[in-house]
Amino acid sequence: MQAGVGPEVARLQLSRPKARLRLINATVSRGGALLLGTLPFAAVAIAYLFASAQRLAVNPSDKLLPSPAQMWSAFFDLATVPDKRSGDLILWADTYASLVRLFAGVGMATLGALCLGVAIGFIPRVRAFLLPFATVVCVIPPLALLPILFIALGLGETAKITLIAIGVAPVMVRDIANRVMELPPELIAKAQTLGGNSWTMVLRLVLPQVMPRLITCVRLALGPAWLFLIAAEAIASTEGLGYRIFLVRRYLSMDVILPYVAWITLLAVTTDWLLVRLSHIISPWAHPVQNR
């Protein structure tokens, strides 16, 4: 009987339709992921090269879509040829000025977000006092404050740095406060049982738990911070990456604008990568999947 059942079962199995692999269950190899990740960049580059070649074939003096050679020549001159008036290397002077403003503003926002966020999330009275105010400030468009800052603080560096700090700090404060409020009550109860006071619990319990979220907040804040920086430099500045872009736009100098945009992107990506590495070093326990 078992010999007769075997062929029947085999025929039933062969007649069943094969189960299709769902898209969410399909795995991608490292080489495949690299290929798929490269395709969008390659498509954009090919499209640009084709459009640029078409425009330059019709009009060799066209400035809208310069060739890669033209962009590299302009970028190389800005990086290596001193300015005739100031004697500075324009690219590096602009980069230094912008990064100082960016890091100063984001640094102030990070410090303020850490202090206020921990206080709001950990101390109920501070939460009741400041959380409604922080919630309202979060919805104020930071660029709407730019004229007020220029009037109150002048056109110098203080107003630009303050705009960046005000622009990104409120959201960071709320995020850190929410992370602190998400801490398991059991951990706080155990710390109190072991005799920890409020300050000790902040240093030994809250800060280690908050640091990965704080670095994530900084990473997410870098995009808006660059936006506020470029907006401030475009309105009132004599140097900086945003200032240079808006200065040369009147001459339709796309061979300068496009490399500057690419340079800003490279700086932003590098900063984000450094923050990721910092998070892995400071809080390796927060990245268990990536560290396997």
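Modeller: Start with the length of helix α7. At 1.5 Å a residue, its 25 residues should span 36 Å, and the end C-alpha atoms of α7 are 36 Å apart, so the two values agree. The model is a predicted one, and α7 covers residues 157–181 in it. The helix has a kink of about 35° at A169, shortly before the proline P170.

Next comes the partner of α7. This is helix α9, residues 198–235, and the two pack at an angle of about 150° with their axes 8 Å apart. Angles over 145 degrees count as roughly antiparallel, and therefore α7 is roughly antiparallel to α9. The crossing of α7 past α9 is right-handed. In the contact of α7 with α9, 17 residues are nonpolar, two are polar and four are charged.

From α9 the packing can be followed to another helix. With α11, residues 254–282, α9 packs at an angle of about 165°, and the axes are 9 Å apart. That angle makes α9 roughly antiparallel to α11. Here, too, a right-handed crossing is found, with α9 passing α11.

In an unreviewed entry, it annotates residues 32–51, 102–123, 130–153, 214–236 and 256–276 as "transmembrane region". Over one of these spans, residues 214–236, the chain is 96% helix and 0% strand, with end C-alpha atoms 31 Å apart. Residues 32–51 are 100% helix and 0% strand, and the end C-alpha atoms of that span lie 29 Å apart.

The unreviewed entry also lists residues 99–279 as "domain: ABC transmembrane type-1". Over residues 99–279 the model has 85% helix and 0% strand, and the end C-alpha atoms of the stretch are 21 Å apart.

Conventions:
Residues are numbered from 1 along each chain as its sequence is written. This is a predicted model: local features need pLDDT of at least 70, side-chain atom pairs count only at pLDDT 80 or more; totals for chains, interfaces and linings use all residues. Side-chain values use heavy atoms; hydrogens and water are left out. Axes are lines fitted to C-alpha atoms, for helices over the stretch in contact, and angles run from 0 to 180 degrees between N-to-C directions. Helices (H or I, at least four residues) and strands (E, at least two) are DSSP runs, numbered from the N terminus. Angles under 35 degrees count as roughly parallel, over 145 as roughly antiparallel, 65 to 115 as roughly perpendicular and the rest as oblique. A crossing is left-handed if the near helix is turned anticlockwise from the far one by less than a right angle, and right-handed if clockwise. Ala, Val, Leu, Ile, Met, Phe, Trp, Tyr, Cys and Pro count as nonpolar, Asp, Glu, Lys and Arg as charged, and the others, Gly among them, as polar. UniProt positions are given in the numbering used here, feature names are shortened, and annotations may be inferred rather than shown by experiment. The expected span of a helix is 1.5 Å times one less than its number of residues. The bend at a residue is the angle between axes fitted to the seven residues ending there and the seven starting there.
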